[in-house]
Amino acid sequence: MRATYTVKINPYNQNKLCALISLENIEAVRFDYTVHGKTSNTDFYYSTDEYTSHTQVIVVGLYADYLNTVEINTYTADNETTTFTVTISTEGQDYGDVPLALTINIDDSEMAESTLGQGWFVTSAWNGYDINGDLRITGLFPWMYGNLKIIDNALWSALASETYDPDKHAFAPTLYRFNLAGNVSQTYTAPTGYGFHHDITTDEKGNLWLLGSLLDNWNDEQKLECVIYKYDIASGGLLWQRDYSQEFLGATVLDNTDANDVHFNSLEYVKETNQLIVNSRSSCTIIGLNIDSGDPEWIIDNPDFPVLNSTLNLSVVNIDDFNYPNGEHAVFITQNSKYQAWRGENKFVLSLFNNNSCADESGNELVRIIESDPVSYTSAALDSLPTILAVDLTAATVEQLDQFSFPGQRSELTSSVFDVGNDYYNVYFGAEQSFFVFDTNNNIGLSIYNIDTGLGYRGRIFSYEELRSLI
């Protein structure tokens with residue numbers, strides 16, 4: 001079969017390093033392709049078992065400002081194979097101030113190859129880099145609160161240009177569901193006067209939860225960044241919503257927050273207990289919620305600065321080895337194999353980014369009442385610490401299992417920790433613009449510095465398997 005085709009770069013005006021190759025085949029074929037890397041270990045391969053005529057091939061992972069080589073194989077149902085090469089130039093595109101290459105510092109080649117060598121490092125600005133530091137994705141729905149989560153084989157984000165108060169709150173009136181090329185398949189519109197922010201999660205049963213907020217004119221009775229929405233993924237219909245303003249009346253919060261800012265920043269589903277977890281950065285409170293009613297069922301909260309009903313607070317195991325988080329971000333379930341003994345019925349393990357956001361030199365929180373205006377505070381420049389917590393709801397306890405240190409690395413207001421497979425973690429320091437892959441002995445496999453300018457939100461490694469699921 002002779003291959004006849006057309007090529008369109010950035011077909012959806014969202015990812016400058018992808019292309020749509022339209023084949024003019026009448027007979028149905030399946031296909032695979034390889035974007036040849038600058039080195040053999042950075043090839044990107046994709047295949048599909050679906051047979052189509054007039055086949056549309058979405059190619060991702062092109063290099064920026066480069067003459068790319070893509071090898072395509074097509075197969076008919078009778079196993080007739082056609083192989084051809086397409087040359088795609090991304091030269092001359094405007095990449096703005098996005099770095100086209102980063103320096104990847106490799107300290108442990110085995111760890112580096114097992115992690116970044118099996119995918120790309122991606123930031124919330126949706127710039128993605130391979131293990132050689134070369135840019136392979138850019139322009140894909142960048143948003144201050146890019147959550148970097150995959151739900152239903154799709155990505156979910158907003159357009160920064162559409163957000164309310166983009167320089168500070170960046171509340172999104174619309175959330176988009178899209179693939180790795182930027183093709184939008186669904187949109188969600190926030191209720192009038194509200195916007196989406198920070199995070200999303202799913203129970204993998206067709207339900208999607210989103211964090212929401214009042215856009216402006218918040219007050220003592222109706223606070224900021226404290227709404228949760230539940231949507232039906234298939235229809236996009238709003239099923240349920242709850243405002244938690246009343247639960248935070250009179251709460252003690254960090255002084256580096258706005259008046260009446262509850263500041264939910266993480267949302268996670270717990271399969272082991274069929275609950276939601278939401279985190280308040282302002283009050284440093286991790287809250288377990290009933291999946292149906294949204295009622296708080298347990299909390300992890302410093303008893304010196306109580307929030308909500310203190311009888312819900314989990315007791316600490318080994319208090320001398322426990323540090324309550326301060327302004328934490330990215331409170332997620334971790335599947336790291338080291339902590340398997342702490343999992344089971346009513347038991348799970350959390351990873352989080354403990355910012356050490358607003359404390360004195362001794363680590364004491366600098367606080368005020370949420371309804372009051374911030375005062376002039378002087379917080380210590382304490383290192384931020386990725387932290388592992390074990391929760392046992394039958395015993396109503398929480399235990400700190402590990403805390404990892406990266407001397408001199410601090411991010412007051414953002415950042416993330418994510419699993420990389422079942423043996424490693426990656427941590428992104430948004431203020432320092434640095435990234436590390438490490439193991440549970442605190443050994444560093446690789447590091448990246450000077451990733452971008454300004455304040456970053458999240459960053460993580462997407463495996464090749466994840467990337468392929470998004471095409």
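**Cores, a buried arginine and the open space**

Let me begin with the record: UniProt, in an unreviewed entry, places the feature "domain: Arylsulfotransferase N-terminal" at residues 7-90, and such annotations may be inferred rather than shown by experiment. In this predicted model, whose residues are numbered from 1 along each chain as its sequence is written, local features need pLDDT of at least 70, side-chain atom pairs count only at pLDDT 80 or more, and totals for chains, interfaces and linings use all residues. Side-chain values use heavy atoms, with hydrogens and water left out.

Across residues 7-90 the end C-alpha atoms lie 12 Å apart, and the span is 0% helix and 57% strand, where helices (H or I, at least four residues) and strands (E, at least two) are DSSP runs numbered from the N terminus.

Turning to the interior, a nonpolar core here is a set of buried Ala, Val, Leu, Ile, Met, Phe, Trp, Tyr and Cys residues joined through side-chain atoms within 4.5 Å, buried being under 20% relative accessible area with a 1.4 Å probe and protein chains only. The largest such core has 59 residues, of which Tyr33, Phe44, Phe121, Trp126, Leu180 and Phe435 touch the most other members, and strand E2 (residues 18-23) gives the most to this core, with 5 residues. A second, separate core of 22 residues includes Ala154, Ala158, Leu175 and Ile200.

Is arginine 460 buried or exposed? Arginine 460, which sits in strand E35 (residues 459-463), is buried, with a relative accessible area of 7%. Leaving aside residues up to four places away in sequence, its contacts include Trp120, Phe121, Phe435 and Glu466, contact meaning heavy atoms within 4.5 Å. The side chains of arginine 460 and glutamate 466 are joined by a polar contact of 3.2 Å, that is, a pair of N or O atoms within 3.5 Å in which, within protein, one must be able to donate a hydrogen and the other to accept it, residues adjacent in sequence counting only if both atoms are side-chain atoms.

Glutamate 466 also brings us to the largest pocket, since the open space is our last topic. A pocket is an open set of points on a 1 Å grid over the protein atoms alone, with protein on both sides within 12 Å along at least five of seven lines, and lining residues have an atom within 4 Å of a point. The largest pocket has a volume of about 1,200 Å³, and of its 37 lining residues the closest to its centre are Ile150, Glu204, Glu268, Gln335 and Glu466. Among the elements giving two or more residues to that lining are E35 and helix H2 (464-469).

Conventions
Buried < 20%, exposed > 50% of the residue type's maximum accessible area, 1.4 Å probe, protein only. 1 Å grid on protein atoms, 1.4 Å probe; cavity = no way out; pocket = protein on both sides within 12 Å on 5 of 7 lines; lining within 4 Å. Points joined across faces, edges and corners; volume = space filled by probe spheres on them.
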